[in-house]
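Hi there,

Here is the structure I promised to pass on to you. Have a look at it first, and then read my notes below.

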Amino acid sequence: QDAGNRTLLTEFILSGFSSRPELQHLLFFTICFIYSMTLIGNLLICMVTVHPSLHTPMYFFLRVLSFLDISTASVVVPKMLVNILSEDRSISYLGCVTQLYCVVFLAATEWYLLAAMAYDRYVAVCCPLRYPAIMRTRACLSLVLLSCCSGKVVSVVQTAWVFNLSLCGPRRINYFFCDIPPLVLLSCTDTSRYERQLISATVLVIFTPFCLILLSYACIISSILRISSAESRHRTFSTCSSHLTVVTLYCASGTLIYLQPKSSNSQDTKKILALIYTTVIPALNPLIYSLRNKEVKEVLIRVMAVLMKK
């Protein structure tokens, strides 16, 4: 029976934010605006960090982060915008598998990349004389490749686990994209084993990099406090605080979403957190990094001045 139901399941219905139909148009224009800001802001970061004066590992990682932010938003938001205004909110089985795979891959890769960025800041602040030798181009590319490979492994495992569950519940997913918590709710079998596995994966993907990031910043703060110049301390702390702000936002939203995958009572809360995670944070990242970084602001002003003249 379970196998038959799962075989017949060829599509899902994404309910989205249908509980408040009177707000659909406002929601559409708000998300459309945020998505536009995500694309513009992150594309500007990608353009600005190519400037010769910003050819350092920190800005290379920032460029990769911007690309991941654009990709994350683009996997989720266009389909969400279509569903808000459309009566047909279906997504094919294969489309759901692909969306889940991409979301988990991009989220996990971004977490490992944030850990790599923390390591880069640690080397820059704590080992400044050895920084050029340690953070060479090859090392930076290796860290990005390792982040992508780790993200791919996590994504393949999680996607395979979810879609091997007997999804014989209703086709309607109480969410705006295919994610692990709402899909687990569709299972008609005991998912306690999978939930334990998911908690382990959450610890591996979120808390392990987070602990490494905290350790890096403990060493960084200790080094900053030993800097005699107040201006140098402020500049160093400002650069690091931008990264720490992004890490905190990702950790808070990701943890609350995935630690209790089958908690139906908090499904609306999880939708809001997922909206922040996939839509709002990618739009905030360029603002966080550009507004708190003097070098980025200076190059951005120069680029905007050139574009305005044209």
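Starting at the N terminus, the order of elements in the protein is α-β-α-α-β-α-α-α-β-α-α-α-α-α. That gives 11 helices and 3 strands, where helices (H or I, at least four residues) and strands (E, at least two) are DSSP runs numbered from the N terminus. Please keep in mind that this is a predicted model, in which local features need pLDDT of at least 70 and side-chain atom pairs count only at pLDDT 80 or more, while totals for chains, interfaces and linings use all residues. Residues are numbered from 1 along each chain as its sequence is written, and side-chain values use heavy atoms, with hydrogens and water left out.

Some overall values come next. Of the 310 residues in the protein, 48% are buried; buried means under 20% relative accessible area, exposed means over 50%, and partly exposed is in between (1.4 Å probe, protein chains only). The accessible surface is about 15,300 Å², and carbon and sulfur atoms hold 67% of that (Shrake-Rupley method with a 1.4 Å probe; for residues, only the protein chains shown count as cover). Among contacts with a separation of 6 or more, 81% join residues 24 or more positions apart, a contact being heavy atoms within 4.5 Å.

Now for the helix pairs. Two packed helices are described by the angle between their axes and the distance between the axes. Axes are lines fitted to C-alpha atoms, for helices over the stretch in contact, and angles run from 0 to 180 degrees between N-to-C directions.

Take helix α6 (residues 137–163) and helix α8 (residues 192–225): their axes come within 11 Å and cross at roughly 165°. So α6 is roughly antiparallel to α8 (angles over 145 degrees count as roughly antiparallel, under 35 as roughly parallel, 65 to 115 as roughly perpendicular and the rest as oblique). From α6, the contact uses Val 154, Val 157, Gln 158, Trp 161 and Val 162, and from α8 it uses Arg 193, Tyr 194, Gln 197, Leu 198, Ala 201 and Val 205. By class, these residues are 8 nonpolar, 2 polar and 1 charged (Ala, Val, Leu, Ile, Met, Phe, Trp, Tyr, Cys and Pro count as nonpolar, Asp, Glu, Lys and Arg as charged, and the others, Gly among them, as polar).

Leaving aside residues up to four places away in sequence, Gln 158 touches Val 104, Ile 180, Tyr 194, Gln 197, Leu 198 and Ala 201.

Helix α3 (residues 57–85) also meets α6, with axes that come within 10 Å and cross at roughly 25°. Therefore α3 is roughly parallel to α6. Pro 57, Phe 60, Phe 61 and Val 64 of α3 make the contact with Cys 140, Leu 141, Leu 143 and Val 144 of α6. This contact has 8 nonpolar residues, no polar and no charged ones.

α3 packs with helix α4 (residues 93–126) too, at an angle of about 160° and with the axes 10 Å apart. That makes the two helices roughly antiparallel. Their contact divides into 16 nonpolar, 4 polar and 5 charged residues.

Finally, find Arg 89 in the loop between α3 and β2 (90–92). Arg 89 has a relative accessible area of 15%, so this residue is buried. Its C-alpha atom is 5.5 Å from that of Ile 13, although Arg 89 and Ile 13 are 76 residues apart along the chain.

Enjoy exploring!
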